[in-house]
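Hi everyone, thanks for coming. Please have a look at the sequence and the model, and then I'll walk you through a few spots.

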Amino acid sequence: MERSSLDVWVGIFVVGGMVALLILALKVGNAGDLLRAGPTYTLTASFENIGGLKPKAPVRSAGVVVGRVVTIDYDPETFNAVVTLSIAKRFDRFPKDTFASIYTSGLLGEQYVGLAPGGDEKVLANGDRISKTQKAVVLEDLIGQFMTSRAGEPAAK
Amino acid sequence: MIDKGWLTVGGIGRWAIDTFLRLGFAARFLGLTLLNSGVCLRRPRLVVREVYFSGVLSLVIILVSGLFVGMVLGLQGYQTLKTYGSESALGVLVALSLLRELGPVITALLFASRAGSAVTAEIGLMKATEQLRAMEMMAVDPIARVVAPRFWAGVISTPLLTAMFTAMGIYGGYLVGVVLLGVDEGSFWSQMQNSVDFREDVVNGLLKSLAFGFAISWIAVFEGYDAPPTAEGVSGATTRTVVTSALTILFLDYILTSLMFRGL
């Protein structure tokens, strides 16, 4: 085998490896998000219970991903979970009375933060706190409520 | 080693001394190889040639295996996930198992048996036919001229092959899952992208394969250099390369997994 054609094959090999890596990063992984993300601003929200919410969970408004959960912390003063959200800069017009809730996509799917915009004139700015929140639905609580409510009814025939 | 009395005290002692002697020599040999790697930078052609024989010629087996491993994953994953009505998570299953474990490990096992054994046999035969001795006579350092390029070619090739194996495997899973079994294409890719983290999964998988490539190359060049200069010695060294590499890869994989994916 001639040296030059050997070099060409090795070149193709290296390029192929790099292309595969790029596919893994952009098509399979979330590196594309990181590149596309652009500038963001942060909001905080405290929840009574976050259920199974995890860092990097999506933040959606009207079902569209507008940001990510950055950190989850516990406030020892109020006994609430404090969730920091990173929202894309181009969605910077959420009203002050925006409602943040924790939902589950599907029955066993991942949990995410849903933002429902209110009607306030003033908008949330960087570092603001979302005051209206609703805790995550915990399946055990739901079953518990169901059981106690059924206990009052007459037994089914 | 299978003498009549290797279970005697003396036998165990001899075995232990032998093992530590080889381990010590292997470590010293690795140090020598790394110290003499400068020649690879001065004459990159030497490495390019070895990348061709180790990496490029392994491409076919790696790509075909990757495709079939991905297809089997897609098939098996679909059967299991269907029971829970969550076929849409098939993409996540295929991508994560390939990126984190199967890609690096199977590529390394294939690479050790396809390329590692060849390197051992080549160096062992060069030693048996006294080519290495002849180089020394001509004041050419065989470690710099023969061993170091083969070592670095293995370290370079493994991550590249792993990336191609994994990409091919995910495509295989897509073929079976989406094209053949009718999983929704949108949820296949989007759930995959939601769950696969670039830093945690893609980069960690490549770091793993880099560690495997280092281990395989070290074992392969050492076994070749250390082989008894006989036909039997070279064949034994080739076998040992494959066996030791396979065990080292699986052991390293456990260690690396427990270090990398602790919080997940």
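Let me start with a question: does Thr33(B) count as buried or exposed? Before I answer, a word on the ground rules. This is a predicted model, where local features need pLDDT of at least 70 and side-chain atom pairs count only at pLDDT 80 or more, while totals for chains, interfaces and linings use all residues. Residues are numbered from 1 along each chain as its sequence is written, chains are lettered from A and ligands numbered from 1 in the order in which they are written, and side-chain values use heavy atoms, leaving out hydrogens and water.

Now the answer: Thr33(B) has 1% relative accessibility, so it counts as buried. Buried means under 20% relative accessible area, exposed means over 50%, and partly exposed is in between, with a 1.4 Å probe and protein chains only. Thr33(B) sits in helix H1 (residues 9–35) of chain B; helices are DSSP runs of H or I with at least four residues, strands are runs of E with at least two, and both are numbered from the N terminus. Beyond its neighbours within four places in sequence, Thr33(B) is in contact with Ile143(B), Val147(B), Ala148(B) and Phe151(B), where contact means heavy atoms within 4.5 Å.

Next, where the chains meet. Here, 24 residues of chain A are in contact with 27 residues of chain B. Together the two chains bury about 2,300 Å², 73% of it on carbon and sulfur atoms; that is the accessible area (1.4 Å probe) that two parts lose on being put together, summed over both. In chain A, the residues losing the most area to chain B are Phe13(A), Leu24(A) and Val28(A), together 30% of what that side buries.

Take Val28(A) as an example. Not counting residues up to four places away in sequence, Val28(A) touches Ile23(A), Ala95(B), Leu99(B), Ile170(B), Met192(B), Gln193(B) and Val196(B).

How many salt bridges are there between chain A and chain B? The count is one. Asp7(A) pairs with Arg45(B), and the closest N and O atoms are 2.8 Å apart. A salt bridge is a side-chain nitrogen of Lys or Arg within 4 Å of a carboxyl oxygen of Asp or Glu.

Finally, a backbone detail. Most residues other than glycine have a negative phi. Phe79(A), however, has a positive phi, near 60°. Phe79(A) lies in the loop between strand E3 (64–75) and strand E4 (80–88) of chain A, and it counts as exposed because its relative accessibility is 56%.
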